[in-house]
Amino acid sequence: MACVYDHVKLLYDQQLYSNVVALGGLVLTVNDHASDSPLLPSRLQSYTCYAESLFQSGQFKKAEKVYKKLQQIKKSVLKSKSGATSGQNNKTQSQSSPQSEAQRECMSDVDIKYQLHLCLVQQRQHPAAMNILKTIPANQRTAKVHMALGKLFHEQGNCRAAIGAYKEVLRECPLALEAAEGLLQLGMKGIEVNALMLDGMSSLNCQVDWLNNWVKAHAHLHSQEYTQAIQAFRQLDERTALSDNVNILVPLGESYYYYGDNTNAALVLQRAHAMEPLQRGLDILSCILSKERQMRELQRLVAPLQMATDINGPEPWIALAYSLFAAGKHTKAAYFAQKAYLIAPRHIEALLLKGQILIELKKHPEAVTHFREAQQICCHRYEPHKGLVDCYIAMHRFREALTIACTAVKQLGQTPRSLTLYASVLMKDSVNVSKAKTLLEKALQMDQFFLPAVYLLAELYEQEMTLELAIALLEKQVELRPTCKLHQMLGDLLARVHEEEKALDHYAIALNLDPNNRRALEGMHRIDSSAGKLDSSYYMPVGEEENTDTTYDAGVDVADSDNENEVDESDPDAGWSDLDIGIH
């Protein structure tokens, strides 16, 4: 029998895990049916190899059972050892040596519980996994146990316990960057985290020149100080030896995205993805490409995912869902979004995606539930507030929409996006139009390139029949950052003031940027057919929706796209009627 046990160990050492599973299951069954339990060290060793091989093979439920069996055998060994009488010490000394050898060969109790926790995590039984780790005495918890506890506490929202666990990790392993970032996410100040790491490194006589800037950059990111975070991460990328490192580029891209700069966020995240595909940030990149209607780039992004067989995290499923969502396959997109949600129920991007899909499926109350949950998890994110406003507008509950928009300004601060969102709801009420105009002008003072505010303000000027102000605003923007949509809108306004030649020039530029811009084509045809007199039915009052066929989906988010690319900015469906609130 000992020879068979040795072969189980040999297969395990050679990492032939499937063979260990096949042989170990037979050998241990034969052993369990035996009248006695000879060769205890080899038996425990075989149970360890069998459990580890099941885990490596992805059979987590079976591995959990074998680890528990291993625990029971170890307890019986300890009980039989403690039952030996003092008068039999000399007689049993030779008998206890196999037990000592068994303890040396077998996994420790701490390691067994840790592996049990991993099995439960893989089965998404996180509360049970946490309870297993809690049974480990505090003085026996290693750094990996503290880290696992910290992540589980963090996920469950137990901030105080998570902070304590992360601190224990840093005391033992000062350069545990994931633990440091966890502390920053939980609100600990960057200077405190940096001091905690430096204290541990001083005893090791170790110095890392980029560490202080790394902590500073992440502290700004998790404190919602996005402009400072962008500057800090760019310095790490441009002025240190960390240039072209995906672990710097991904949070830099996230900082751009949270700030609302989709164009730069996409450029940075695409740069990171080109270096190391399937990195963190795949969900945000796919979201941006979907919003910006960059279908080729989106399909190129998800093509490797369609061939992958080892998708574990939520990000790849979210990317696949966005590719289907952008293609109008909302039911299939909902299926993949649900898979991402089941893997990580508190993943903010999965919740936001499900909310967007439910809006498209006209299930607004369900969408409200998801956006509410996302808002509770990340109240500092703009997207949950925007999603709730979209839902309430669609349900004609304008008072609730106004309340959410006002709350967004309070929680996010007076940023161009929050002010524009608030103004877009105020524009629904003629009494508040002047206040909306003030907010839009303030948003442009903060960021003169913020196009959603430009579009809404130009519409307000047109509504007030101050066409000269609208034309001047758009002409200034065309000089600063020309886009297809700006040229198309400017052409419409110039046609209204009977400057047909200039209008035709801007329509031509718009069509050069996007040949499929239907509104620019219609504008040119109207000028040609009516000798410069546009059909008044072409222009609709604020709040009225178009029913004409367009080349863009009705779900394009105007207020959420700060820096539109040339294709999106020619969106013929986002006409004057859609801009009364800036959202759909």
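User: Which helices are included in what covers the buried residues of helix 11?

Analyst: This is a predicted model in which local features need pLDDT of at least 70 and side-chain atom pairs count only at pLDDT 80 or more, while totals for chains, interfaces and linings use all residues. Residues are numbered from 1 along each chain as its sequence is written, and side-chain values use heavy atoms, with hydrogens and water left out. Buried means under 20% relative accessible area, exposed over 50% and partly exposed in between, with a 1.4 Å probe and protein chains only; contact means heavy atoms within 4.5 Å. Helices being DSSP runs of H or I with at least four residues (strands: E, at least two), numbered from the N terminus, the cover over the buried residues of helix 11 includes helix 9 (159-172), helix 10 (177-185) and helix 12 (211-222).

User: What arc around the axis do the buried residues of helix 11 cover?

Analyst: The buried set in helix 11 consists of Gly190, Val193, Asn194, Leu196, Met197, Gly200 and Met201. The arc is taken from the directions between the helix axis and the C-beta atoms. These residues lie on the same side of helix 11 because the arc that they cover is only 160°.

User: Which exposed residues sit on the face of helix 11 turned away from its buried side?

Analyst: Helix 11 (residues 190-202) has 13 residues and reaches 18 Å from first to last C-alpha, close to the 18 Å expected at 1.5 Å a residue, where the expectation is 1.5 Å times one less than the number of residues. On the face turned away from the buried side, the exposed residues are Ile191 and Asp199.

User: With which residues is leucine 133 in contact, leaving aside its neighbours within four places in sequence?

Analyst: Leucine 133 is one of the residues that touch the most other members of the largest nonpolar core. Once its neighbours within four places in sequence are set aside, the contacts of leucine 133 are Lys113, Tyr114, His117, Arg141, Val145, Ala148, Leu149 and Leu152.

User: Is arginine 300, which forms a salt bridge with glutamate 297, buried or exposed?

Analyst: A salt bridge places a side-chain nitrogen of Lys or Arg within 4 Å of a carboxyl oxygen of Asp or Glu, and in this pair the closest N and O atoms are 2.7 Å apart. Both residues lie in helix 17 (residues 295-307), three residues apart, about one turn of the helix. Glutamate 297 is partly exposed at 30% relative accessible area, whereas arginine 300, at 53%, counts as exposed.

User: Which residues are linked with Glu383 in a network of salt bridges?

Analyst: Glutamate 383, buried at 7% relative accessibility, meets the side chain of arginine 381 at 3.0 Å, N to O, and arginine 381 is itself buried at 2%. A further salt bridge, at 3.9 Å, joins glutamate 383 to arginine 417; this pair links helix 22 (residues 382-394) with helix 24 (residues 416-426), 34 residues apart in the chain. Arginine 417 is buried at 6%, and the network links Glu383 with Glu349, Arg381 and Arg417.

Key:
Core = buried A, V, L, I, M, F, W, Y, C linked by side-chain atoms within 4.5 Å.
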